[in-house]
Amino acid sequence: MDKNNLPKHVGIIMDGNGRWATERGMKRSMGHKAGSENLKELCDHIYDLGIPILSVFAFSTENFKRDVQEVNYLMNLFIQMFEKEFAFLKKKDVRVIFSGRRDNLPANVLKAMDKMSKETENCKHAIFNVCLNYGGQYEILDMAKEIAQEVEEGKITSKDIDLTTVRSHLYQDLPDLDLVIRTSGEQRISNFMLYQSAYAEYYFPKTYFPDFNAHEFDLAIEEYQRRTRKFGG
Ligand code: IPE
Ligand code: IPE
Ligand code: MG
């Protein structure tokens, strides 16, 4: 791996937790638990490598369609992660931010999210962007509404709207994704960071997320480094 040619912003669509558990005769929730443990180890590895921004897809706006027990399990898991399991990120000087809609999320989940972002707000080494209750189409809709509101209030005129305006009204003002990894063999984006993945390289390993370890991540980076990026030029 060439440490001088690392992607600046990596996105991971953490898919396959359910199948990982079902194939072992376990409940789907055990797959989510294993996935969260794997994420801890991956974060450790990714920030040690020196990758400055990691965005992970933790829960989509569409995931509320799932069985209420699975949704509740996930919500409680998020609380545990932000209150306890992911406290090590502060020690690694990683700032935790969230992308997504706040409505529909239980108050105790929002509280844990707010605490985590407040506690790490001055961290400088890297950024961990958690997409939770996130949908790429809603992000674009919410951006359009915010800009329309500013026009209505006379803060800007429609002539002023450019790509900088658009980017600054997304959930987070981050650079575009360089690499998007979706585990579990599915080859679709499922509403993940649509705007930010305009020129991203895609990588689709067959491994289910709980087994997608540091070594597999390094293979993804090596594949990324073999690609030729052109940006239309
Ligand atoms: C991804 O794993 C985690 C979430 C969507 C929260 P899945 O739960 O989608 O696992 P599969 O795709 O059913 O195996
Ligand atoms: C995408 O996975 C969302 C997350 C990983 C959080 P899904 O499992 O929900 O996506 P589909 O339904 O297979 O497209
Ligand atoms: Mg899935």
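# Helices and ligands, one question at a time

Colleague: At roughly what angle do the axes of α3 and helix α5 (residues 107–119) cross?

Modeller: The axes of α3 and α5 come within 9 Å; axes are lines fitted to C-alpha atoms, for helices over the stretch in contact, and angles run from 0 to 180 degrees between N-to-C directions. This is a predicted model, where local features need pLDDT of at least 70 and side-chain atom pairs count only at pLDDT 80 or more, while totals for chains, interfaces and linings use all residues. Residues are numbered from 1 along each chain as its sequence is written, chains are lettered from A and ligands numbered from 1 in the order written, and side-chain values use heavy atoms, leaving out hydrogens and water. Back to your helices (DSSP runs of H or I, at least four residues, numbered from the N terminus): the axes of α3 and α5 cross at roughly 25°.

Colleague: Does that make α3 roughly parallel or oblique to α5?

Modeller: Angles under 35 degrees count as roughly parallel, over 145 as roughly antiparallel, 65 to 115 as roughly perpendicular and the rest as oblique. The angle here therefore makes α3, relative to α5, roughly parallel.

Colleague: How many nonpolar residues does the contact of α3 with α5 have?

Modeller: From α3 come Met75, Ile79, Phe82 and Glu83, and from α5 come Asn108, Val109, Ala112, Met113 and Met116; contact means heavy atoms within 4.5 Å. We sort them like this: Ala, Val, Leu, Ile, Met, Phe, Trp, Tyr, Cys and Pro are nonpolar, Asp, Glu, Lys and Arg are charged, and the others, Gly among them, are polar. By class, the contact of α3 with α5 has one charged, one polar and seven nonpolar residues.

Colleague: How far apart are the axes of α2 and helix α3 (residues 68–85)?

Modeller: α2 and α3 pack at an angle of about 25°, and their axes are 10 Å apart. α2 is therefore roughly parallel to α3.

Colleague: Is the crossing of helix α2 (residues 28–49) and helix α8 (residues 214–226) left-handed or right-handed?

Modeller: The axes of α2 and α8 come within 9 Å and cross at roughly 45°, and α2 and α8 are therefore oblique to each other. A crossing is left-handed if the near helix is turned anticlockwise from the far one by less than a right angle, and right-handed if clockwise. The crossing of α2 and α8 is right-handed.

Colleague: Which residues in α8 does α2 meet?

Modeller: On the α2 side, the residues are Leu42, His45, Ile46 and Leu49. In α8, they meet Ala214, Phe217 and Asp218.

Colleague: How far is an oxygen atom of ligand 2 from an N or O atom in the side chain of arginine 188?

Modeller: Residues around ligand 2 (a heavy atom within 4 Å) include Asn63, Arg182 and Arg188. A polar contact is a pair of N or O atoms within 3.5 Å, and the side chain of asparagine 63 has an N or O atom 2.9 Å from an oxygen of ligand 2. For arginine 188, the distance is 2.8 Å.

Colleague: And how far is a polar side-chain atom of arginine 66 from an oxygen atom of ligand 1?

Modeller: Of the 13 residues around ligand 1, Arg66 is among those that come nearest. An oxygen atom of ligand 1 is also 2.9 Å from a polar backbone atom of glycine 18. For the polar side-chain atom of arginine 66, the distance is 2.7 Å.

How values were computed:
Helices (H or I, at least four residues) and strands (E, at least two) are DSSP runs, numbered from the N terminus. A polar contact is a pair of N or O atoms within 3.5 Å; within protein, one must be able to donate a hydrogen and the other to accept it, and residues adjacent in sequence count only if both atoms are side-chain atoms.
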